[in-house]
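Good morning, colleagues. Please look at the model on the screen; I shall speak about the contact between its domains.

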Amino acid sequence: MAELKLRFQSHHLPLAHTFTLAHSSRTHTPISFVQLQWGDYVGYGEAAMPPYLGESAQTAESFFSSLDFSWVSEPSDVEKVLGYVQSHSPGNPAAKAAIDIALHDLHAKRLGVPVYQLFGLNPGDAPQSSYTIGIHPLEVVHSLLPNTDPFGLIKVKLGGDHDRDTIDLIRNYTDKPISVDVNQGWTQKEEALDEIYWLKERGIVYVEQPMPKETTKDMEWLSQHSPLPTIADEAVQRLSDLFELKNRFHGVNIKLMKCTGIREGYLMAKVAKSLGLKVMIGCMTESSCGIAAAAQLAPLADWVDLDGHFLLAEDPFEGLGFEDGVVQLSQQNGLGVFPKHLSWADQ
Ligand code: MG
């Protein structure tokens with residue numbers, strides 16, 4: 001009789017450029033890959049764990065090691081398997097996402113369909129993805145500008161000491177739409193509103209997480225007065241967060257690594273829409289395995305920010321395309337991506 005077999009491995013993947021946000025800077029990122037096998041079928045998943053979110057290769061591996069799938073008699077019972085994973089221990093959202101992604105890959109491959117078909121979605125409806133420029137000295141921003149050429153939307157990290165010069169530099173280079181992500185970097189609501197009015201005049205389309213997630217009243221005030229849509233990122237993780245956010249932001253950035261994977265990400269997008277919130281599908285710095293998983297849900301999004309695999313020095317997975325500014329899924333069953341040279345020893 002077949003058994004659901006889990007294998008995993010962790011890497012410290014180098015980034016193509018040092019990545020600087022309002023509160024941190026790094027050159028590598030920890031990623032754990034998982035493989036779920038059932039008979040001849042194999043599904044792949046990924047946990048990407050930026051250090052500020054509290055998970056690590058060690059916490060992910062200890063979570064994976066503690067799982068026992070010996071009771072699983074049919075992995076197409078996705079609800080039951082993921083229900084077990086959810087209730088197994090609290091936290092560990094990225095590690096849980098890795099299992100969720102691998103299980104959807106496995107399930108769809110066994111059915112002979114791409115994952116998006118499990119959710120009744122058409123990848124032709126996916127919006128263009130943005131390309132992210134971090135906080136850098138202006139000469140570095142200048143050198144990165146040609147990287148934005150294939151993209152239809154540029155996302156700029158703000159909260160540094162030369163935000164307006166950065167926006168002016170990019171605006172002089174292109175008239176493409178620009179979005180900004182402040183990563184909680186503004187602390188005074190009136191100054192934040194001034195900044196948003198300044199940004200609106202320069203063709204900015206939305207402002208992500210302008211203020212610290214704890215500033216609930218100030219954030220509500222800012223969203224009421226803001227001429228641009230405000231999008232929650234750090235302030236939202238799981239489905240249950242959406243209900244109290246709906247008066248504080250105009251939209252939410254859904255990331256599989258925060259919300260435990262495709263299944264909850266799908267529900268979040270549906271519920272957010274029903275609450276009148278805009279939907280953004282985002283990512284961490286991750287390989288095209290995690291990006292392919294998020295891209296399955298991109299048809300539900302108003303904005304897509306799936307450029308994490310372009311930020312790696314080398315992508316361990318292949319199969320994902322990029323055309324006309326849109327992350328393109330292959331026609332293959334499952335996620336449509338495959339490891340290039342990862343070997344999987346039995347554990
Ligand atoms: Mg963000």
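With which residue does E79 form a salt bridge? The partner of E79 is R263, and their closest N and O atoms lie 2.7 Å apart. By salt bridge I mean a side-chain nitrogen of Lys or Arg within 4 Å of a carboxyl oxygen of Asp or Glu.

This is a predicted model, in which local features need pLDDT of at least 70 and side-chain atom pairs count only at pLDDT 80 or more, while totals for chains, interfaces and linings use all residues. Residues are numbered from 1 along each chain as its sequence is written, and side-chain values use heavy atoms, with hydrogens and water left out.

The domain assignment, which is automatic or taken from a database, gives domain 1 (4–114) and domain 2 (118–338). Into the contact (heavy atoms within 4.5 Å) go 43 residues of domain 1 and 42 residues of domain 2. Their centres, taken over C-alpha atoms, are 22 Å apart.

About 3,300 Å² is buried between domain 1 and domain 2, with 67% from carbon and sulfur atoms. Buried area is the accessible area (1.4 Å probe) that two parts lose on being put together, summed over both.

How many salt bridges are counted between domain 1 and domain 2? The count is one.

Turning to composition, the side of domain 1 that touches domain 2 has 25 nonpolar residues, ten polar and eight charged. Here Ala, Val, Leu, Ile, Met, Phe, Trp, Tyr, Cys and Pro count as nonpolar, Asp, Glu, Lys and Arg as charged, and the others, Gly among them, as polar.
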